[in-house]
Amino acid sequence: MSEQAARKRVRIRHFAQAKASGEKITALTSYDVQTARIFDEAGIDVLLVGDSAANVVLGLDTTLPITVDEIITLAKAVVRGASRALVVADLPFGSYERGPEQALDTAVRFMKETGVAAVKLEGGERSADVIRRIVDAGIPVMGHIGFTPQAEHGLGGHVIQGKGETGRAQLLRDALAVQEAGAFAVVLEMVPAKIAAEVSAQLEIPTIGIGAGAGCDGQILVWTDALGLGSGRVPSFVRAFADARAVFLDAATAYRDAVKDGTFPAASESFSDPTAD
Ligand SMILES: Nc1nc(=O)c2c([nH]1)NC[C@@H]1CN(c3ccc(C(=O)N[C@@H](CCC(=O)O)C(=O)O)cc3)CN21
Ligand SMILES: CC(C)C(=O)C(=O)O
Ligand SMILES: [Mg+2]
């Protein structure tokens, strides 16, 4: 979105404007105040407190175990670090599946306790009633369709969605259901670029892609993937824009060496008592 409005807070209405003007929307995940401050300064439009924190922060294999309380703690920190970016929090697995009333209770907790501007939840047609109930309460909702990690066991792994005529038709139905339910934007995860472009052209709300090609209205990546901090396997759709892992490893090693050989701390990094010298 516009650099001219660089310091003005990103609002939901700016998403429609960005879609209309063709300006790409930029998003990264964030789970703490330090990265929130940096990404906000860089002009990233959306900071998502993703349930990917389960993997990235907590070291879990899937996103399923992370709790509402855990994401709320992280979301509060991200909100404190963001002065321009729109902060969105993922509703974790188990916190909205029981239906619209449970979903609204969870969304209200996020709004009361964290200061995020919107919540995100997974599912297209299957989640339309839930999206509608939250939106009707005045809480903006970001949808998330295609590969939905909370359903990875049901989907049979990290499987590309929207393939073939059946997949394409389902993805379009999901996208339209999310829009119709009142979402202000929708994440398209792991779908063929051609289908994602088609969905993006058909929708009035912007699409934010991850593994969904350049035809989306915006892009999102998990920040540790985007900055090259991860040490494990990263999805093939990721581009590492830095080698943060090497920076961290070199710094920690240099610190270790300096302590071991006695060169840290120097006198200037120590306190003196003039009355005792
Ligand atoms: N670090 C990180 N990056 C992500 O993009 C991400 C998370 N964590 N956690 C939550 C979900 C899970 N996502 C994932 C995780 C793995 C693949 C993956 O490994 N994909 C393979 C193809 C399928 C496979 O072999 O499992 C790929 O090469 O892209 C894709 C998306 C996306 N999200
Ligand atoms: C990858 C994005 C879209 C997400 O849902 C997450 O980080 O949890
Ligand atoms: Mg997520």
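Which of the 14 residues around ligand 1 come nearest? In this predicted model, Ser-52, His-158, Val-222, Pro-235 and Ser-236 come nearest to ligand 1. Two or more residues of the shell around the ligand are given by each of the elements α3 and α10 (223-226). Classified by side chain, the shell comprises five nonpolar, eight polar and one charged residues.

An unreviewed UniProt entry lists Asp-51, Ser-52, Asp-90 and Lys-120 under "binding site". These positions span 70 residues in sequence, yet no two of their C-alpha atoms are more than 12.5 Å apart, so the four gather at one spot. Asp-51 is located in the loop that runs between β2 (46-49) and α3 (53-56), and Ser-52 lies in the loop between β2 and α3 as well. The surroundings of each residue were examined in turn. Asp-51 has 29 C-beta neighbours inside 10 Å and therefore counts as buried. Ser-52 has 19 such neighbours inside 10 Å and is accordingly classed as partly exposed, the threshold for a buried residue being 20 or more. When residues up to four places away in sequence are not counted, Asp-51 touches Thr-63, Ile-66, Ile-71, Asp-90 and Pro-92; Asp-90 is itself among the positions listed by UniProt. With neighbours within four places in sequence left aside, Ser-52 is in contact with Thr-29, Thr-63 and Val-222.

Thr-29 stands opposite Leu-48 in β2, and β1 and β2 pair in the parallel sense over three bridges. Strand β1 (residues 25-29) pairs with a further strand, β8 (residues 218-221), again in the parallel sense, over four bridges; here Ala-27 has Ile-220 of β8 as its bridge partner. Four of the five residues of β1 are buried, so this strand is largely enclosed by the rest of the structure.

The largest nonpolar core contains 75 residues, and those with the most contacts inside it are Leu-47, Val-87, Val-88, Val-116 and Val-119. Helix α4 (residues 68-81) gives the most to this core, contributing five residues. The contacts of Val-116 were considered separately. Apart from residues up to four places away in sequence, Val-116 touches Val-49, Ala-75, Val-79, Val-87, Val-88, Ala-89 and Phe-110. Two of these partners, Val-87 and Val-88, are listed with Val-116 among the core residues that have the most contacts.

Gly-123 occupies the loop between β4 (118-120) and α6 (128-136) and is buried, because 20 other C-beta atoms lie within 10 Å. Gly-123 and Ala-177 are 54 residues apart in sequence, with a C-alpha to C-alpha separation of 9.6 Å in space. In helix α6, the buried residues are Ala-128, Val-130, Ile-131, Arg-133 and Ile-134, a set that includes the charged residue Arg-133. The elements covering these buried residues include α5 (100-114), β4, β5 (141-146) and α8 (164-180). Helix α6 is followed by Gly-138, whose phi is positive, near 90°.

Notes
Residues are numbered from 1 along each chain as its sequence is written. Chains are lettered from A and ligands numbered from 1 in the order in which they are written. This is a predicted model: local features need pLDDT of at least 70, side-chain atom pairs count only at pLDDT 80 or more; totals for chains, interfaces and linings use all residues. UniProt positions are given in the numbering used here, feature names are shortened, and annotations may be inferred rather than shown by experiment. A residue is buried if 20 or more other C-beta atoms lie within 10 Å of its own, exposed if 12 or fewer, and partly exposed in between; C-beta atoms are placed from the backbone. Two residues are in contact if their C-beta atoms, placed from the backbone, lie within 7 Å. A nonpolar core is a set of buried Ala, Val, Leu, Ile, Met, Phe, Trp, Tyr and Cys residues joined through C-beta atoms within 7 Å. A residue is near a molecule or strand if its C-beta atom, placed from the backbone, lies within 6 Å of it. Two strands pair if DSSP finds at least two bridges between them.
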